[in-house]
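This report goes through a model one part at a time. The sequence and the structure come first, and the description follows.

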Amino acid sequence: MYEGVVQNLIDELGMLPGVGPKSAQRIAFHLLAADPADVKRLAHALLEVKERVRFCRVCGNVAAEEECRICRDQRRDPHVICVVEESKDVVAIEKTREFRGRYHVLGGAISPIDGVGPDDLRIRELMTRLADGQVTELILATDPNLEGEATATYLARLVKPMGLKVTRLASGLPVGGDLEYADEVTLGRAFEGRRLLDV
Amino acid sequence: MRVCHLSLTDFRSYPSAEIALEPGVTAFVGPNGHGKTNLVEAIGYVATQSSHRVATDAPLVRHGAERAIVRALVARDERRALVELEINPGRANRARVNRSPVARPREALGLLRTVLFAPEDLALVKGDPSERRRFLDDLLVARAPRFAGVRADYDRVLKQRNTLLRTAAATKGRRRGPRRQDDEAAFSSAGAGDVLSTLDVWDSHLVRHGAELLAARLDLVEALRPLTAKAYATLAPASAAADLEYRTGVKLSTDCGRSRDILEEALRASLAEARQAELERGVTLVGPHRDDLHLALGELPARGYASHGESWSFALALRLAAYDLLRADGGDPVLILDDVFAELDGQRRTRLAEIVAPAEQVLITAAVPDDVPAELAGARFDVTEGSATRVR
Ligand SMILES: Nc1ncnc2c1ncn2[C@@H]1O[C@H](COP(=O)(O)OP(=O)(O)OP(=O)(O)O)[C@@H](O)[C@H]1O
Ligand SMILES: [Mg+2]
Ligand SMILES: [Zn+2]
């Protein structure tokens, strides 16, 4: 019975991304040996993140309230929106401190193999945000891989009739990579050297 | 260019092997099935990261082992590079160059270049178009490793696009059942509009990578043509002349050039023309993945017409042409001749031996010592029961 409980924990941990069976076992036994107060804090943090954190109603970024910290910040430039695939890309870009505009988190990229089409992404929400004409530049910062490129092309074509300035991050980012893994200097320079996207 | 040292862990039949190699000719001799080809296959793998015998990596890992490791110390002029590849079937392979990990294994391509002749080459002449496309693409990668990226991107776009087409075909098929008037309208409003607009996006990416591949293949075939004809004439002087032609389903007008822009335009137009058929069949019908390298002897196609001996000579001529081209680029590639002499008559044996003898490094496998031509006497390893011992 006791073993069953431990095994459950190992199985649950093993389902986390990047955690293989060996690591899951190591973490499980670490937790068994840890101070009960520490484990309670971890359990609390896990529950809290599920209960309290949600997605920003405006941009789709993770948020502690209805709107995320960036959307609530009046100093951020409302004329520029940077479109990214995931919330973690927002974090990566914020670290560069090159960007003072707003974000839009799509929740992925177009990939028929994975069954993801435009309707599965937060594209309709983006179009609503663009409708009032306040936004003048759209920066497409989807990942520099094939699916990210395809998503950028799709969006660029979609918004073309609106006459916005549409830019794509400069090359220099490792092709085929994740934005999240680009170092701050490279990503910062890619921002500075963004180019107009011609579709 | 040459391999100075080869070291294997759990590759094919070898739990481990350490083999020091010298410039010039080295022959691996031993009974059938004792591990000669396994050694040269490993060297070929370092150059191309694929085997000349199997399409997947799994058979390369010793039965019962989890991964295989191949290390080769490569010398080019005065420079040396240690290339290490870890083969993990079902997971990503890993590579290190001079002990530093590289982000992707394909970054280790191009450090060693080989031209490998093997009995399997007969498929270049007798086999499906895919064999000849692979020959061209492998040669493109050997000449410019960035084509490994172009080909991978093209394959990925193709896979995405085919999935999308299949979805579209399935949606359409389902709606088609008892035919109602508003079917087509329903199709284009729910989801299908989505399909069509994203299809345009994938088209633009397919066109970009496809035209790059197409342009490179067309140039390559032009460069190979005279070299192949010359090599074939040397190997089989009495036979009709050998010729090559790249055949593509992309409509190219004869008078306009072959620049990337023109090819992109042509591929885009061919896709547009095929669109309806593609939506019905759920598969991409034009592009470099459907093309072929046509081989002719005089008036006749080689495939289906050439004799066994003629087919062999043609296959050898293609490899020799590849060798000429790589050599002209600089950096004499390592020549690997796996079991080829046993297949050739005396005259062609001598001709081939004369052509390859001056290369910086030639590696030969043969089941019996007599199969190694006298012109290619050199170092010799005895390969028996999965171990290689230097005997000369
Ligand atoms: N993954 C593997 N694990 C263990 N043994 C393997 C593996 N792959 C191949 N072998 C063994 O290696 C042997 C074949 O070796 P190889 O192809 O090098 O033979 P060879 O000496 O070239 O023979 P031939 O003269 O017939 O061409 C076979 O006996 C086969 O069972
Ligand atoms: Mg063999
Ligand atoms: Zn927000």
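## Chain B as a whole

In chain B, 41% of the 392 residues count as buried. A residue is buried if 20 or more other C-beta atoms lie within 10 Å of its own, exposed if 12 or fewer, and partly exposed in between, with C-beta atoms placed from the backbone. The model is a predicted one, in which local features need pLDDT of at least 70, side-chain atom pairs count only at pLDDT 80 or more, and totals for chains, interfaces and linings use all residues. Residues are numbered from 1 along each chain as its sequence is written, while chains are lettered from A and ligands numbered from 1 in the order in which they are written.

Chain B has nine helices and 15 strands. Helices (H or I, at least four residues) and strands (E, at least two) are DSSP runs, numbered from the N terminus. Chain B is as compact as a globular protein of 392 residues, because its radius of gyration of 24 Å is close to the 21 Å that the globule rule gives for that length. The radius is taken over C-alpha atoms, and the rule is 2.2 Å times the number of residues to the power 0.38. Along the principal axes, the C-alpha atoms of chain B fill a box of roughly 80 × 50 × 40 Å. Of the contacts in chain B with a separation of 6 or more, 70% are between residues 24 or more positions apart. Two residues are in contact if their C-beta atoms, placed from the backbone, lie within 7 Å.

## Chain A and its domains

Chain A has eight helices and seven strands. Its C-alpha trace spans about 65 × 35 × 35 Å along the principal axes. Of the 199 residues in chain A, 29% are buried. Among its contacts between residues at least 6 apart in sequence, 58% join residues at least 24 apart.

The domain assignment divides chain A into domain 1 (2-52) and domain 2 (74-196). Such bounds come from an automatic or database domain assignment. Taken over C-alpha atoms, the centres of domain 1 and domain 2 of chain A are 35 Å apart.

## Where the chains meet

How many residues of chain A are in contact with chain B? There are 13 residues on the side of chain A, and they contact 15 residues of chain B. The side of chain A that touches chain B holds eight nonpolar, three polar and two charged residues. Here Ala, Val, Leu, Ile, Met, Phe, Trp, Tyr, Cys and Pro count as nonpolar, Asp, Glu, Lys and Arg as charged, and the others, Gly among them, as polar.

## The surroundings of ligand 1

Ligand 1 is surrounded by 17 residues, and the closest are Ser13(B), Asn32(B), Lys36(B), Thr37(B) and Asn38(B). A residue counts as near if its C-beta atom, placed from the backbone, lies within 6 Å of the molecule. Helix α1 (residues 36-48) of chain B gives the most to this shell, with three residues. By type, the shell has three nonpolar, ten polar and four charged residues.

## The nonpolar core

The largest nonpolar core has 149 residues, and those touching the most other members include Val83(A), Ile43(B) and Leu112(B). Such a core is a set of buried Ala, Val, Leu, Ile, Met, Phe, Trp, Tyr and Cys residues joined through C-beta atoms within 7 Å. Helix α6 (residues 192-235) of chain B gives the most to this core, with 15 residues.

## Two arginines with positive phi

Most residues other than glycine have a negative phi. Arg12(B) has a positive phi of about 50 degrees. Arg12(B) is in the loop between β1 (2-11) and β2 (14-20) of chain B, and it counts as buried because it has 21 C-beta neighbours inside 10 Å.

Phi of Arg97(A) is also positive, near 55 degrees. Arg97(A) lies in the loop between α5 (87-96) and β4 (102-105) of chain A. Is Arg97(A) buried or exposed? Arg97(A) counts as exposed, because it has 10 C-beta neighbours inside 10 Å.
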